[in-house]
Protein chains: 2
Amino acid sequence: MTWRYALMMVPAAADDARTDFAETFTAVDPAFPALSVGELSTQRGDGIFESIGVVDGHAQEAEAHLDRLAHSARLCDLPAPNLAQWREAVLQTAAHAPQRGEGVIKLILSRGVEHGPTPTAWLTAADAPDFTAPRENGVRLVTLDRGLDSGAAARAPWLLLGAKTLSYAVNMAAIREAKRRGADDALFVSSDGIVLEAPTASLILRFGDRFVTPAHDGGILPGTTQLSLFEHLEVLGHQATYETIPHARLAAADAAWLVSSVRLAAPVSAIDGMPLSVDRELSASFNRYLLSPRD
Amino acid sequence: MTWRYALMMVPAAADDARTDFAETFTAVDPAFPALSVGELSTQRGDGIFESIGVVDGHAQEAEAHLDRLAHSARLCDLPAPNLAQWREAVLQTAAHAPQRGEGVIKLILSRGVEHGPTPTAWLTAADAPDFTAPRENGVRLVTLDRGLDSGAAARAPWLLLGAKTLSYAVNMAAIREAKRRGADDALFVSSDGIVLEAPTASLILRFGDRFVTPAHDGGILPGTTQLSLFEHLEVLGHQATYETIPHARLAAADAAWLVSSVRLAAPVSAIDGMPLSVDRELSASFNRYLLSPRD
């Protein structure tokens, strides 16, 4: 039986101090029409989102995702989300999840409806796809030029780098291009050769006993799963650092992973055709940690 | 009385040779829910669109917009649209327009619905806003860095430059930034200083008796209104050319216009605070032409 759930939400003002927002939620059938054709999310990708992993009915790291939703809203000049309301909506959605297995809850905050209410908001939820193969066998990456140089984020905040917007057409096109080239996923590199992120995941590299991820300088999305895994690695006594990683340095990596909220840790088995060894034991331990209840 | 109209469409295969597609259309109330929460247009801005001007019930330059829809579909790996079906949908929508006045018909082709039908398609229509002020008094522009260099389109087709995708969050953010700076609209410039386009319009400059628009080298959207106006200018005996325009050359322009399908020709009254003279008579003649029935 497939789990699907959706909740329309009337967004409350950020300073609305209600302790119960249930009356602002309406559960809807995900297969039925719920959005009007004037939705600016649909006409212009004008809004933001988060994808939260669900494990055995528990929404993982909800706070980190809510914080990032608020951060994206600021970058996009959207009204500040009422995080207590969103938290309650996430909990209500997770309460409908199967008690066993993995799922995903998506939070969407849209600019609103042309000629209508603004902003609009909803959550959708579903079972997660089966990610056993990428978690165990790894993913093959190809590097793709993101077109932007590494100074663009600081210079041009209207490019919304660092915001998780609904305008993901380029991210989806990059994954299609990667598959056309016989790989599984893409790895974006800036036009001046700095390694960035995957279209829907963060990159973690291992050099010897040091774990490294591209520096969060505004040009990439701060990864909630990367951050969680770094905390875990530090607890285990590993060194985990943020660095500027030139493309040429990829060849020196001993191992690599793409990490994200639902696929979790996928070891990288090749970059641009260059094989990387997949550490099955370490990858499995990462995923055991990521599948444990996290807040 | 405000005109609003919407049509859901079951997209036909490109080679479907039916002569009547009426049974694939369903008129819907634009204010009522018509789209499911799983729509990939809304979750990822993953789809394409066109905005067609309507004047006194006539859809302007429908063929040029249909051709560009097909071009965008190719760039985005979407199924080729059945142009006969879209043409009929545009005509049916225009037939419901008021017999007098200006309107806009938006065509949307989405990647489809997660766990559902793919692709999905619909049209929305409404009265146009009153653009008398920008057409007569002009618009003040600020140049904004697009982050991408002028070689990006050729080098990285997955950036979808030249496709009119639904991922317009950056375009909308650029207009907000322009307004924050006290201007009316933005003018994108490549990171290496080449003038591109406005977020929702093409740029035409006048140098002496020559009209110039940025070269269509894949980095900008080919403008249907710009093309139509260039044909008109050539009929009138003017020279109209496509050129690579460095940012510094803007200062040498004698006049400039933003042109688009619904706002039509808006003379530019200032760029980055530098005043440009507004030729009211020529601008009015452009708009008289653009408001005449065009096919």
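Q: At what angle do H2(B) and helix H3 of chain B pack, and how far apart are their axes?
A: In this predicted model, H2(B) and helix H3 (residues 83–95) of chain B pack at an angle of about 135°, with their axes 11 Å apart. Axes here are lines fitted to C-alpha atoms, for helices over the stretch in contact, and angles run from 0 to 180 degrees between N-to-C directions. Helices (H or I, at least four residues) and strands (E, at least two) are DSSP runs, numbered from the N terminus.

Q: Before going on, what are the ground rules for numbering and confidence?
A: Residues are numbered from 1 along each chain as its sequence is written, while chains are lettered from A and ligands numbered from 1 in the order in which they are written. Because the model is predicted, local features need pLDDT of at least 70 and side-chain atom pairs count only at pLDDT 80 or more, whereas totals for chains, interfaces and linings use all residues.

Q: Back to the helices, which residues make the contact of H2(B) with H3(B)?
A: H2(B) brings Ala62(B), Leu66(B), Leu69(B) and Ala70(B), and H3(B) brings Leu83(B), Trp86(B), Arg87(B) and Val90(B), a contact meaning that the C-beta atoms, placed from the backbone, lie within 7 Å.

Q: And by class?
A: The contact of H2(B) with H3(B) has seven nonpolar, no polar and one charged residues, where Ala, Val, Leu, Ile, Met, Phe, Trp, Tyr, Cys and Pro count as nonpolar, Asp, Glu, Lys and Arg as charged, and the others, Gly among them, as polar.

Q: Switching to the sheet, what is the strand order in chain B?
A: The six strands of this open sheet run in the order S2-S1-S6-S5-S3-S4 with antiparallel pairing, and two strands pair if DSSP finds at least two bridges between them.

Q: Which strands sit at the edges?
A: Strand S2 (25–28) and strand S4 (58–59) of chain B are the edge strands, each pairing on one side only.

Q: What does H2 of chain B touch there?
A: Helix H2 (residues 62–75) of chain B packs on the sheet against strand S3 (47–55), S4 and strand S5 (102–110) of chain B, and its direction makes about 175° with that of S3(B).

Q: How many residues meet between the chains?
A: In the interface, 48 residues of chain A are in contact with 48 residues of chain B.

Q: Which element of chain A gives the most?
A: H6(A) does, with seven residues on the side of chain A that touches chain B, and by class that side has 26 nonpolar, 12 polar and 10 charged residues.

Note on methods. Two residues are in contact if their C-beta atoms, placed from the backbone, lie within 7 Å.
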